[in-house]
Amino acid sequence: MISAFFIFNQKGEVLISRLYRTDFKRSIADVFRIQVISNSDVRSPIITLGSTSFFHVRVNNLYVVAVTKTNANAALVFEYCYRLISIAKSYFGKVDEEAVKNNFVLIYELIDEINDFGYPQNSETDTLKSYITTESIMSSAYAAEESSKITTQATGATSWRRGEVKYKKNEAFVDVVETVNLSMSAKGTALRADVDGHIQMRAYLSGTPECKFGLNDKLVIDKNERGASDAVELDDCRFHQCVRLNEFDATRTISFIPPDGEFELMRYRCTSNVKLPLRIIPTVNEIGTTQVSYTVSVKGNFGTKLSATNVVLKIPTPLNTTTVDCKVASGKAKYVPAENIVVWKIPRIQGGQECTFTATADLTSTTVRQVWARPPIDVDFQVLMFTASGLIVRFLKVFEKNNYHSIKWVRYLTKASGSYQIRF
């Protein structure tokens, strides 16, 4: 239960203020300004002062703040804040101070609609856009007709979708996007290897279609069923509210009536049987106190028809490095003194292909020799049509009473950005 809601700028000025209940006065905003905005030591997103809890989220130098006196569910309060930010983005794009000032009337309409007496209500963007609009003024007859449709949508079984959606071309796009997190020790042992994945869908389908979505035959979610070496094991599965969970538990088939447009169908983690897309073998030797030699090889650990693109390796150098002589057969390597790294960029690596980097770093002599901490090598990349978890879409079917033909597209993307690290 949320008693008050505020949006502050970075100076502590109140841009939006709404009291949902009578247990607070507007002066409560001054408490947050003094205790959080003016206090640079505060890092926690939750501050409790006496019986009052302040939950805040930062976005583009704005503070989105929810205040409560009850023992509220923290996850629910943060979900409310993030959902409001997402709705605001869908209405007027970037959420910053200027946008809030220009659209304050719309924001007040939104926060009054999605929160009733402190209790979060309907926050589906499609539903809100059907009756909260600043673009046009509807005639009274049309407004009455639309009001009936809105009521049906907001209170019906599928509040996330309108019934009269029509497209000339019916298409469904599915993107399985995975981010690989790896921490490899200097001995070649994986200290951490897991995958954060989500299935993003764009549905441009007429009417109210029923979609069925099949994943791997050997898909394990229950921890008690684990043990098969070739099974795909998923953790922490979260689904969009449109998914019928009882059917998924029984058949591992995702059955749902999709929202119109783009939405996140599913989010998951995988911590076992992770297929690492790139194999990195570093050999780094310190030659006395004046030089460091590098030999780093990268190999595509996937099928020959696939390729990794935008591969970037950030190879650290000692702090007293003066010059680095780099030699590469593929891509370009450049020493960046300001960051004490060598950046090796490879446009493309085919599956099975191996690329090698060799270099010699010259060091300045220092009066006191400091032990080099040897930070890990960071690797960024993208691999299309490959999943590190092994998750695949077996089928995607669309059923609609008009039996129209629909085109389905499925794409896989595995990537890493600052989360793929190799120690040496």
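In strand β17, G300 is the bridge partner of L278. Helices (H or I, at least four residues) and strands (E, at least two) are DSSP runs, numbered from the N terminus. This is a predicted model, in which local features need pLDDT of at least 70, side-chain atom pairs count only at pLDDT 80 or more, and totals for chains, interfaces and linings use all residues. Residues are numbered from 1 along each chain as its sequence is written, and side-chain values use heavy atoms, with hydrogens and water left out.

**Strand β17 and its partners**

Two strands pair if DSSP finds at least two bridges between them. Strand β17 pairs with β16 and with β22.

| Pair | Residues of the partner | Bridges | Direction |
|---|---|---|---|
| β16 and β17 | β16, residues 278-287 | 10 bridges | antiparallel |
| β17 and β22 | β22, residues 354-363 | Nine bridges | antiparallel |

On the β22 side, S293 stands opposite T360. Strand β17 spans residues 291-300 and is mostly covered, with seven of its 10 residues buried. Buried means under 20% relative accessible area, exposed over 50%, and partly exposed in between (1.4 Å probe, protein chains only).

**Cysteines**

The structure holds zero disulfides. A disulfide is a pair of cysteine sulfur atoms within 2.5 Å. For C211, the closest cysteine sulfur is in C242, 8.6 Å away, so the gap is too far for a bond. C211 counts as buried because its relative accessibility is 0%. C81 also counts as buried, at 0% relative accessibility.

**The cavity**

Rolling a probe the size of a water molecule over the atoms shows where empty space is left. On a 1 Å grid over the protein atoms alone, a cavity is a set of points where a 1.4 Å probe fits but cannot get out; lining residues have an atom within 4 Å of a point. Grid points are joined across faces, edges and corners, and a volume is the space filled by probe spheres set on the points. The count comes to one cavity of 30 Å³ or more. About 90 Å³ of space lies in the largest cavity. Its lining residues are I7, V64, L84, I85, A88, V95, I107, L110 and I111. Helices α2 (74-92) and α4 (104-114) are the elements that give two or more residues to this lining.

**D116**

D116 sits in strand β6 (residues 115-116). D116 is partly exposed, because its relative accessible area is 49%. D116 and R21 are 95 residues apart in sequence, yet 9.9 Å apart in space, C-alpha to C-alpha.

Key. On a 1 Å grid over the protein atoms alone, a cavity is a set of points where a 1.4 Å probe fits but cannot get out, and a pocket is an open set with protein on both sides within 12 Å along at least five of seven lines; lining residues have an atom within 4 Å of a point.
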